[in-house]
Amino acid sequence: MRLDTLIGEPWADYGLIDSGHGKKLERYGRFRFVRPEPQAMWAPATADWRAKGEFVPASDEDGGGRWVFAEPVPRDGWPLKWNEVRFTAQTTPFRHLGFFPDMAPVWNWMRERVADKPGAECMNLFGYTGVGTLAMASAGAKMVHVDASKKSVEAARANAALSGLQDAPVRWIIDDAAKFIAREVRRGRRYDGILLDPPKYGRGPEGEIWRLEEDLPRLIADCRKLIDADSRFLFLTVYAVRMSALAIGELLSQLFADLPGTVEAGELGVREESRGLALPTAIWARWSR
């Protein structure tokens, strides 16, 4: 297993402007925001942190918090663009803005894996608002987008329409991820690529409980049954700090030992515009061939 680092570079509609003292200053289109970032243990590059709003976390360790706005921000969000994909950014109660910009190098990597296979069938599990789904669909992949939240899937379909991809071959599925994957295994389905971005904790549409540390190994084992020697990739990202890249890399190494290809793992990060340093955001592991 090889260790590596994936660093997201700034693009026209997103950039990490500065970071430090447990916070980060980012630009999302024409707006600047401050959000908490425990990994930013260093001092910021500048004192100019003027922003439209800041997310102030709650005092407990279970998340929560609120946005404090210095100036009005569109309640229904505003449009952003990544390559061919257009989508809506919006301040959410979960401190992020409706998508995860550090995933940009992952979107590029997945598109490269299937570039020579038009109509490749891929799945985005825990697909959220669908930017990863649309990144693949815009490159010609047939997609299955799965999320337990009806609201998230509706937002993903709205982003598809915004991108002019409302007629792209995407199956929009509102379902518990583990149950859906288990049914796909029973159906004998296969995929050319699978992207998983599971939360630390979640609930399915019928109250199913998801706990990352307990449920991830079984889910990856079922995903493995949907991958064969002609498949191209499985990519897993994890934002839970109690896991390590080595741990999830070894999980994939064992489950994919019977297939040709390579297992890699490492950290995901974003390049700061002020100094060029890399701010770590998540860990990942992938199998590819």
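In the predicted model, F233 of strand β15 is the bridge partner of G193. This bridge belongs to the pairing of β15 with strand β12 (residues 193-196), which runs in the parallel sense over four bridges. Strand β15 also pairs with strand β17 (residues 278-288), here in the antiparallel sense and over six bridges.

Strand β15 spans residues 233-238, and six of its six residues are buried. In a regular strand, side chains alternate between the two faces of the sheet. In β15 both faces are covered: F233, F235 and T237 are buried on one side, and L234, L236 and V238 are buried on the other.

Nonpolar side chains tend to be buried together in soluble globular proteins. The largest nonpolar core of the model has 50 residues, of which W78, F99 and W107 touch the most other members. Apart from this core lies another, of 36 residues, with L236, L259, A285 and W287 among them. With neighbours within four places in sequence left aside, the contacts of W78 are Y28, R30, F31, F33, V73, F87, T88, A89, Q90, T91 and L97.

W107 is part of helix α1, where A104, P105, V106, W109, M110 and R111 are buried along with it. The helix covers residues 104-113 and is mostly covered, with seven of its 10 residues buried.

Two packed helices are described by the angle between their axes and by the distance between the axes. For helix α5 (residues 212-224) and helix α6 (residues 245-255), the angle is about 35 degrees and the axes are 10 Å apart. The crossing of α5 past α6 is right-handed. On the α5 side the contact involves L216, P217, I220, A221 and R224, which meet I248, L251, L252 and L255 of α6. By class, eight of the residues in this contact are nonpolar, none is polar and one is charged.

Positive phi values occur at two residues that are not glycines, N83 and F126. N83 has a phi of about 50 degrees and is found in the loop between β7 (78-82) and β8 (85-89). The phi of F126 is about 60 degrees, and this residue lies in the loop between β9 (121-125) and α2 (131-137). N83 counts as partly exposed because its relative accessibility is 40%. F126 counts as buried, since its relative accessibility is 15%.

Technical notes: Residues are numbered from 1 along each chain as its sequence is written. This is a predicted model: local features need pLDDT of at least 70, side-chain atom pairs count only at pLDDT 80 or more; totals for chains, interfaces and linings use all residues. Side-chain values use heavy atoms; hydrogens and water are left out. Axes are lines fitted to C-alpha atoms, for helices over the stretch in contact, and angles run from 0 to 180 degrees between N-to-C directions. Helices (H or I, at least four residues) and strands (E, at least two) are DSSP runs, numbered from the N terminus. A crossing is left-handed if the near helix is turned anticlockwise from the far one by less than a right angle, and right-handed if clockwise. Contact means heavy atoms within 4.5 Å. Ala, Val, Leu, Ile, Met, Phe, Trp, Tyr, Cys and Pro count as nonpolar, Asp, Glu, Lys and Arg as charged, and the others, Gly among them, as polar. Buried means under 20% relative accessible area, exposed over 50%, partly exposed in between (1.4 Å probe, protein chains only). A nonpolar core is a set of buried Ala, Val, Leu, Ile, Met, Phe, Trp, Tyr and Cys residues joined through side-chain atoms within 4.5 Å. Two strands pair if DSSP finds at least two bridges between them.
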